[in-house]
Amino acid sequence: MKLNNILEIAGFLTILSVLAGCEVAFRVGHLQPITSWPPKATNTNKTISLIVTINENPVLSEQVVNAYSDADLFSYVKTGYKASEYRAEIKIKDRTDYPYKNLNLVSILTVLLIPMNGYQELIVTTTFTDKKGNKLGKIVKSEELDLCSQLFLIFAMPFNWPDTIAQEVLYDLNRATINEALNLGYFKPDKSEHY
């Protein structure tokens, strides 16, 4: 291979990495793996409405609806303030930070030869109520992602793209929330009468 071809390939990879960011994400693993899904349905004739509030990246809210639909616990999953047997108010916080400012500056100056590190934390707070508005309970779940940007991670990007990993994590956080709510008896008939 000629030197010109090698320089062209290196230049192309450098430009591509700067444009794409060469950022990948890895799950930290605080969330326990979900072993049984969908949960065993006992009340499939009930409906639930979801009110999703998210501070960034509204695309993530689709994963909330997918998790509740895939649970096979409800005959219908609605979004917004609509009449239903249950309501889940879901607040999603998406916090991303790159705490190593000086090292990250060096990373940018070296065109990502030195890695740039950060983290993303997804926090899902879900408050369940019945059709009368009685609070059934509140569940908080969270997970962190390690973010890394480096020129040589360009080959890992298709497999660990941060937005894709964040969507998978959010789906799993909601599945874990549904499982816990089911185990705590939130979806049993007349649960609100016990409070």
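I counted four helices and six strands in the protein chain. Helices here are DSSP runs of H or I with at least four residues, strands are runs of E with at least two, and both are numbered from the N terminus. This is a predicted model, where local features need pLDDT of at least 70, side-chain atom pairs count only at pLDDT 80 or more, and totals for chains, interfaces and linings use all residues. Residues are numbered from 1 along each chain as its sequence is written, and side-chain values use heavy atoms, with hydrogens and water left out.

Next I read off the order: from the N terminus, the elements go α-β-β-α-β-β-α-β-β-α. I also looked up burial, and 42% of the 195 residues in the chain are buried. Buried means under 20% relative accessible area, exposed means over 50%, and partly exposed is in between (1.4 Å probe, protein chains only).

**Helix α4**

How far apart are the end C-alpha atoms of α4? They are 31 Å apart, which agrees with the 32 Å that the 22 residues of this helix (162–183) should span at 1.5 Å a residue. The expected span is 1.5 Å times one less than the number of residues. I then checked its cover: 16 of the 22 residues of α4 are buried, so the helix is largely enclosed by the rest of the structure. After α4 comes Gly185, with a positive phi near 85°.

**Asp72**

I found another positive phi at Asp72, near 55°, and this residue is not a glycine. Most residues other than glycine have a negative phi. Asp72 sits in the loop between α2 (61–70) and β3 (76–79). It is partly exposed, at 43% relative accessibility.

**Surface patches**

Which residues gather in a patch of positive charge on the surface? They are Lys91, Lys93, Lys135 and Lys138. Strands β4 (86–97) and β6 (135–149) are the elements that give two or more residues to this patch. I picked out Lys135, which is in β6 and is partly exposed, with a relative accessible area of 48%.

I also noted a nonpolar surface patch of about 560 Å², made by Tyr100, Leu103, Val106, Leu113, Ile114 and Phe152. Val106 belongs to helix α3 (residues 101–109) and is partly exposed at 36%.

My note on the term: patch residues have over 30% relative accessible area and no salt bridge, with like charges joined within 9 Å and nonpolar side chains (Val, Leu, Ile, Met, Phe, Trp, Tyr) within 5 Å. A salt bridge puts a side-chain nitrogen of Lys or Arg within 4 Å of a carboxyl oxygen of Asp or Glu.

Methods:
Areas by Shrake-Rupley, 256 points an atom, 1.4 Å probe, with all protein chains shown as cover. Lys, Arg positive; Asp, Glu negative; His and termini not counted. Charge placed at Lys NZ, Arg CZ, Asp CG, Glu CD.
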